[in-house]
Amino acid sequence: MAPLRDLIILLIVCGSFVTQGEAVCGYESCHETKPNMVNIHLVPHSHDDVGWLKTVDQYFYGHKNNIQHAGVQYIIDTVISELIKNPDRRFIQVETSFFAKWWSEQSETAKEIVKKLVNEGRLMFTNGAWSMNDEAAVNYQSVIDQFSVGLKFLDDTFGVCGRPKVGWQIDPFGHSREQASLYAQMGYDGEFFSRMDHNDKGRRMNDKALEMVWDASESLDIKLFTGLLYTFYWDTPGFCFDVHCSDDPIIDGDSYDNNVQSRVDAFIAYAAEVAEKFRTNHIMIPMGGDFHYEDAEVNFKNMDKLIKYVNERQSSGSRYNIIYSTPACYLNSVHQSVQSYPNKTQDFFPYGSNTNSFWTGYFSSRPTQKRFERDGNHILQVAKELSVFADLNSEQQKEDLDYLRQIMGVMQHHDAITGTEKQAVSDDYDRLLYDAILGGTNLARDALRKLTPYPNGEFQSCLNMNISDCAYTKDNADNLIVTLYNPLAHTTKQYVRLPVKNENFQVTDDKGRVVASELVPVSQQIIDLEFRETDTQYELVFKATVDKIANYYVKKVESASAAQPLKVVKSVSGETREDGETVVQTSTIKLTIDNNSGLLKTVEMNGVSENIEQTFGIYKTYDSGAYLFRQYNQEAATILDSGVEFTVYEGSQVKEIHQVFNEFLSQVIRLYEGRNTVEIEWLVGPLPRDETYGTEVITVFSSEIESKGVFYTDANGRELLKREKDQREDFTSELAVQPTAGNYYPITSRIALQDSKKRLAILNDRAQGGSSMKDGQIELMLHRRLVRDDGLGVDEVLNEEKYGQPLIARGKVFLVLNSAEESTSAEREWEKEHHLPLWKFFSKNSGSTSSPVKSVPSFEDFPKSVHLLTLEPFNDGEVLLRVENFMDHTEGRVVSFNIRPLFDYLNGAEIRETTLDGNLPLSDMKRLKFHTEGSGVRGSEPEYYTSAHTPLEVDASHEDSDFAVTLHPMQIRTFIVKTN
């Protein structure tokens with residue numbers, strides 16, 4: 001910090017620098033290039049993980065350098081000091097979370113200096129999200145949110161000059177088409193990354209196809225320029241000038257060791273090698289790596305020399321011109337060159353770095369943390385909506401909401417939600433998220449005291465419901481108010497489960513009507529968990545109907561009118577088995593269990609019947625790691641296909657099949673009356689200890705559907721992509737060594753397969769890896785316990801333990817069987833409900849009520865396919881509204897609706913439409929347009945995209961009809977409502 005402070009003082013004394021002039025940022029601030037030369041864009045950067053080997057704070061403060069030498073605060077300090085010294089220098093700042101923390105500790109004078117650097121394009125923000133998010137395990141809602149948080153900080157702090165123009169996803173382990181779509185919808189001009197399958201990259205190197213135009217949506221006309229870095233995001237080989245490196249500096253003095261000629265020769269030779277693989281006379285060479293520039297003077301002094309001596313050779317005929325640059329400036333130069341590029345339509349999964357290394361293990365690593373992240377998103381959406389409805393605006397409430405937003409941004413980081421961090425860092429992520437979730441539940445409590453008749457209600461949340469544990473109900477559920485909040489736009493009907501003792505309870509609704517309810521036994525495997533701090537052995541189950549908020553009341557009653565316990569209708573255990581079948585059915589679904597094997601045998605629903613066997617499988621792996629899934633000697637999974645003990649419980653509303661496969665695998669297959677999906681709640685662990693082989697557990701669904709090697713997986717919870725076993729879009733992958741791992745894909749919401757008659761879809765509750773290795777078969781990986789590190793940097797075995805034993809994980813998948821001719825729109829609706837179900841709050845019913853202070857609007861005027869993606873406080877006196885037509889072009893249609901009622905409810909003064917992130921007026925969006933090969937005659941002048949529709953900009957004086965919103969399939973529109 002001292003060098004920066006001293007330099008600021010010097011500059012003030014000299015009367016220079018602190019006076020801000022007119023902003024010349026963005027593309028106007030880029031250095032000039034030379035038309036008849038190879039222009040080398042030197043890009044100084046530091047890749048700063050928001051947690052990995054050390055925690056977020058340890059990385060920022062430079063703590064525990066015995067683990068990894070890294071201190072982000074010092075990086076930013078010294079970079080700013082060096083940028084001040086020379087106006088030609090450039091640097092890109094990527095992770096907004098670290099920069100915002102650094103910014104909060106600066107003096108006003110230092111902030112003014114940084115603003116000038118930003119206004120002159122010398123410090124350029126790139127990517128700009130709170131973290132550099134993963135692209136496999138994330139849900140699109142959380143990606144949008146974390147970009148909104150990061151870009152809003154930059155806009156609030158620096159205005160238009162702080163807004164990034166390109167994506168910089170240089171470290172994630174594979175790349176999603178949906179990420180490219182989101183970039184385009186935020187107005188970005190392109191994106192760059194550095195990891196691509198080695199077979200794909202080899203082909204592209206030969207075809208000059210490292211840069212491409214990505215068709216980022218099958219439903220929306222969205223294209224994004226995308227480029228792969230030539231080698232990696234680290235410095236040019238041999239030219240790492242950082243203090244962490246040992247490459248030779250440039251020695252240009254009167255010294256025996258003077259090496260200018262050899263160093264420049266080597267650099268130009270490398271530049272020539274790179275230039276051969278690209279289509280324009282511009283190449284980008286990154287200069288930086290993980291946590292580089294902690295002593296930025298060393299880096300910049302040597303880069304200054306490199307630029308000087310490379311360019312001096314132009315006078316003797318060299319055709320190489322080198323400049324300080326940024327990814328945005330490089331992209332702008334490429335755009336000005338008006339070239340055409342190959343087309344990309346699929347994604348970049350799975351990523352294989354060699355024939356034995358497919359990065360598909362992290363799709364499933366740390367399953368409980370992946371689920372916890374989803375819980376964080378759930379309460380974030382609840383808290384944001386309720387904050388708007390209740391007009392929560394105290395400083396503490398704003399801080400709690402901002403903190404939850406920011407921690408959810410941290411959780412999207414490509415070493416957080418992926419499960420590729422050290423255990424101590426994982427524990428810290430859990431701590432951060434738990435604290436943030438508590439803040440979110442406090443916000444919800446404050447809001448519900450205004451929005452319900454219970455101004456003194458406790459509105460407590462229970463975060464251990466997945467093990468049937470709720471402190472508010474476990475001892476006494478008498479005189480209980482259960483307040484249910486629905487984050488979705490449309491009225492929902494869902495079953496609610498409350499952990500209770502075996503007592504007589506009755507449930508009533510807001511109007512005093514008795515609601516049918518049943519007592520369902522908790523599975524014995526949950527009851528037997530040693531760390532479970534409750535002795536409740538039942539769950540009270542009832543069906544709730546909720547628009548936005550609904551209250552239900554639980555009380556003890558005489559047995560005659562109480563909830564009835566489910567009856568045991570079948571129990572099969574031991575080695576003695578009987579032939580025949582057990583049928584379990586509701587009015588809409590019929591399941592058949594094979595009595596001999598104990599497995600699910602057939603499913604009948606939606607007028608379709610299919611033989612579907614569901615069980616668990618186990619891969620024994622030798623050298624899998626947190627990142628990699630590696631079969632051992634190409635061995636298939638061992639399938640558990642017999643000896644399953646099961647018990648069937650039946651009531652009028654709920655039917656359950658409790659299955660026990662072995663000492664560490666069990667599940668409950670569940671049917672609810674009136675719900676057209678089969679719920680399977682699995683319990684895996686503690687996985688057995690083994691010093692030689694890892695244990696990787698899958699759930700497997702085997703049918704007779706003739707899928708012919710084709711299956712479908714979602715992209716971050718949005719569009720589906722067609723997959724073909726052993727096939728890639730435009731290259732041949734070497735799969736002989738790892739045939740299964742090389743066919744694994746990220747599943748964040750669903751995987752499906754079909755033939756001409758039937759379609760089977762499996763929906764999940766967290767990110768997992770999955771595939772279809774046989775026709776008609778789907779597998780999802782549930783849990784992993786490994787014995788070796790895979791050598792990719794984390795240097796720690798993925799071997800999670802909690803409470804002194806191997807980690808136990810619990811979760812749900814949902815089965816939907818339908819005719820292949822039917823629309824898949826029902827799957828979309830289930831996805832939304834599973835992602836954002838009802839949130840339950842608990843209060844004691846004291847009997848005292850009052851009229852709610854605030855009302856809650858209805859969203860029933862929204863068409864059925866319209867999702868309330870975001871409703872949240874934005875700036876003071878502003879609300880952000882984001883709506884989405886969540887059907888794709890095969891499922892839905894163009895819909896229109898009017899938001900004037902919501903505008904009036906919010907006491908709106910005016911409304912403006914923005915890009916997806918909410919920070920750039922849509923009318924100001926102007927994206928670079930690039931042409932694909934074979935797309936027709938291209939012009940000689942650069943072209944641009946603007947909004948495909950007229951942005952909505954109205955105020956309260958406009959006619960109601962002016963508030964109409966039209967959404968095409970998969971379209972998202974974002975508005976800022978300024979309120980009175």
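Residues are numbered from 1 along each chain as its sequence is written. In this predicted model, local features need pLDDT of at least 70 and side-chain atom pairs count only at pLDDT 80 or more, while totals for chains, interfaces and linings use all residues; side-chain values use heavy atoms, with hydrogens and water left out.

**Exercise 1.** Describe how helix 6 and helix 12 cross, and state which residues make the contact.

*Solution.* Helices (H or I, at least four residues) and strands (E, at least two) are DSSP runs, numbered from the N terminus. Step 1: the axes of helix 6 (residues 140-158) and helix 12 (residues 367-389) come within 11 Å and cross at roughly 60°. Axes are lines fitted to C-alpha atoms, for helices over the stretch in contact, and angles run from 0 to 180 degrees between N-to-C directions. Step 2: contact means heavy atoms within 4.5 Å. Helix 6 contributes Gln141, Ser142 and Asp145, and helix 12 contributes Glu373, Asn377, Leu380, Gln381 and Lys384.

**Exercise 2.** Give the strand order of the ten-stranded open sheet and identify the strands at its edges.

*Solution.* Step 1: the order is 22-28-29-30-31-42-37-36-33-34, with antiparallel pairing. Two strands pair if DSSP finds at least two bridges between them. Step 2: strand 22 (567-572) and strand 34 (720-724) are at the edges; each has a single partner strand, so one side of each is left without a neighbour in the sheet. Step 3: from one strand to the next, the twist averages 20°.

**Exercise 3.** Trace the pairing of strand 31 with strand 30 and with strand 42.

*Solution.* Step 1: strand 30 (residues 665-672) pairs with strand 31 in the antiparallel sense over six bridges, and Ile669 stands opposite Ile680 in strand 31. Step 2: these two strands form a hairpin with five residues between them, where Gly674 in the turn has a positive phi of about 85°. Step 3: strand 31 (residues 678-684) is joined to strand 42 (residues 809-819) by seven bridges, and the two run antiparallel. Ile680 stands opposite Val813 in strand 42, and Glu681 has Lys812 as its bridge partner there.

**Exercise 4.** Is strand 31 buried or exposed, and which way do its residues point?

*Solution.* Step 1: buried means under 20% relative accessible area, exposed over 50%, and partly exposed in between (1.4 Å probe, protein chains only). Step 2: seven of the seven residues of strand 31 are buried, so the strand is largely enclosed by the rest of the structure. Step 3: Val678, Ile680, Trp682 and Val684 point one way, and Glu679, Glu681 and Leu683 the other way.
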